[in-house]
Amino acid sequence: MKKNTMTLTNNMTGDSYEYNILEGTRGPSVLDVRTFFADTGMFTYDPGFTSTSACESTVTFIDGGKGELRYRGIAIEDLAKNNTYLETCFLLLNKRLPSKEELYAFDLEIRHRSFLHEGLRHLFNAFPDNAHPMATLSAAVTALSTFYNDHIEMNKEEEFLEMSHRIISKMPTIAAFAYRHSLGIPFIQPDIDLGFTKNFLTMMRAYPGGKMHLCPNGHEEIKNVEVRALDTIFTLHADHEQNASTTVVRGVASTGAHPYVAISSGISALWGRAHGGANESVIAQLEYIGSVENVEAFIQRAKDPDDDFRLMGFGHRVYKNFDPRAKILKSLQDELREELNLDTELMAIARKIEEIALNDDYFVSRNLYPNIDFYTGIILTALQIPKSMFTPIFVIGRTVGWITQWIEFKKDKTSKIARPRQLYLGD
Ligand code: CMC
């Protein structure tokens, strides 16, 4: 069969070069320029990788124009409605949803692996009380690699799965410990009688002995509706194709480093406010705006090219239509409005921003829609989760995506060390 190709002509020399056009199962075609430097002696230039695909993948598909997101072919709307976060983890790792028996076994394994080695527990004492949980989390995950040296050389499927189950199950414990350390309050050990999400909420809130009525935030018990909301948030964060932190994870994977060190690097990359840190910044910004009357002035600032101020939770590199995850969270907010008492001043400010921005030519012409981070903060605030834990919650959800992409990279026999070149302009 004839291959589709593209011919590029150097207008200075008249030389022409032909490149294959690769077809994916979904999404745009890809021009294969792997031999470009060898052919032409030139590099391609694409800062921010706006036109570059750096790998083959079967994990997640995004159509930014249509606002479509799929994990292993299944639409995110279906997963958020019909499946739990753990089912989603199984799907990402195994390329299919689990049977009832498989889910039972997977859940049990995740519960039993959630404890941390006592040595790791002591590490938290080395950090100052006011350390940001993201910094502690990243350091603790690097430290976790020291307990599992055998995860560097893996070939068998069971070894990949054991390594990934371990990190997925320990991440909520590490995140909760990082939070409790930041408050100077004693750690709560995981409870194997509790499911993934309820266990995390318990480790965040309970006092030693598991007495919920004494918990720091005054909650008497963890409501099912809270577990469902957080579980959905985890599912929506589970993977997102080749975003900045995943690209970092794959980059570290390409050097042959330990998988947990790659995850720790992903955590660091996620922390920035242009990426996962936006969820914390959204609420900080809503608090800074202070009241509905001030919204208009801040919208003007966001539009001013001479002002660095940006509306946090708006815009996305890939979505040029509504972020489908944001759509799901917006309807979850509406559904949970009464049950979670979401009608706060922050919610009113958020609604006003949304209303103005969705009708303002500056935002409309640049396709700046609210993204996932615009809505998570309001729900997480209603769950009594402090701002500093918003990005760690993103980490808990995304761990499965990072590790799935790490495994995919490792299994890809054509993968190479990540080593881009540059346009040198120095002396
Ligand atoms: N507020 C005001 N103007 C904006 C915003 C915003 N939030 N986002 C983009 N713009 C403007 C930007 O100034 C530029 O305008 P002009 O063409 O006049 O120079 C235009 O829109 C394109 O922006 P860009 O920075 O070139 O777009 P990008 O694709 O490189 O950046 C982004 C995407 C997400 C980093 C950016 O939209 C942003 O900083 N948003 C706020 C932070 C945020 O919410 N991040 C979370 C992303 S979703 C979760 C995740 O995946 O991590």
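Arg166 and Glu162 are 4 residues apart in helix α7, so about one helical turn separates them. Helices here are DSSP runs of H or I with at least four residues, and strands are runs of E with at least two, both numbered from the N terminus. These two residues form a salt bridge, with the closest N and O atoms 3.7 Å apart. By salt bridge I mean a side-chain nitrogen of Lys or Arg within 4 Å of a carboxyl oxygen of Asp or Glu.

A word on where this comes from: the model is predicted, local features need pLDDT of at least 70, side-chain atom pairs count only at pLDDT 80 or more, and totals for chains, interfaces and linings use all residues. Residues are numbered from 1 along each chain as its sequence is written, and side-chain values use heavy atoms, with hydrogens and water left out.

Is Arg166 buried or exposed? Arg166 counts as buried because its relative accessibility is 12%, while Glu162, at 28%, counts as partly exposed. The cut-offs are under 20% relative accessible area for buried, over 50% for exposed, and partly exposed in between, using a 1.4 Å probe and protein chains only. Both residues also belong to a network of salt bridges with Glu109 and Arg113.

The structure holds 22 salt bridges. One of them joins Glu226 and Arg205, with 2.9 Å between the closest N and O atoms. Glu226 lies in helix α9 and Arg205 in helix α8, so this pair ties together parts that are 21 residues apart in sequence. Both Glu226 and Arg205 are buried.

Another salt bridge is between the side chains of Glu354 and Lys330, at 2.9 Å from N to O. That pair links distant parts of the chain, with Glu354 in helix α15 and Lys330 in helix α14, 24 residues apart. Glu354 is buried, at 7% relative accessible area, and Lys330 is partly exposed, at 26%.

Now the core. The largest nonpolar core has 114 residues, and Phe200, Ile353 and Trp406 have the most contacts inside it. Such a core is a set of buried Ala, Val, Leu, Ile, Met, Phe, Trp, Tyr and Cys residues joined through side-chain atoms within 4.5 Å. Helix α7, residues 157-183, gives the most to this core, with 12 residues. Leaving out residues up to four places away in sequence, Trp406 touches several residues, including Met154, Phe160, Met163 and Val249; contact means heavy atoms within 4.5 Å.
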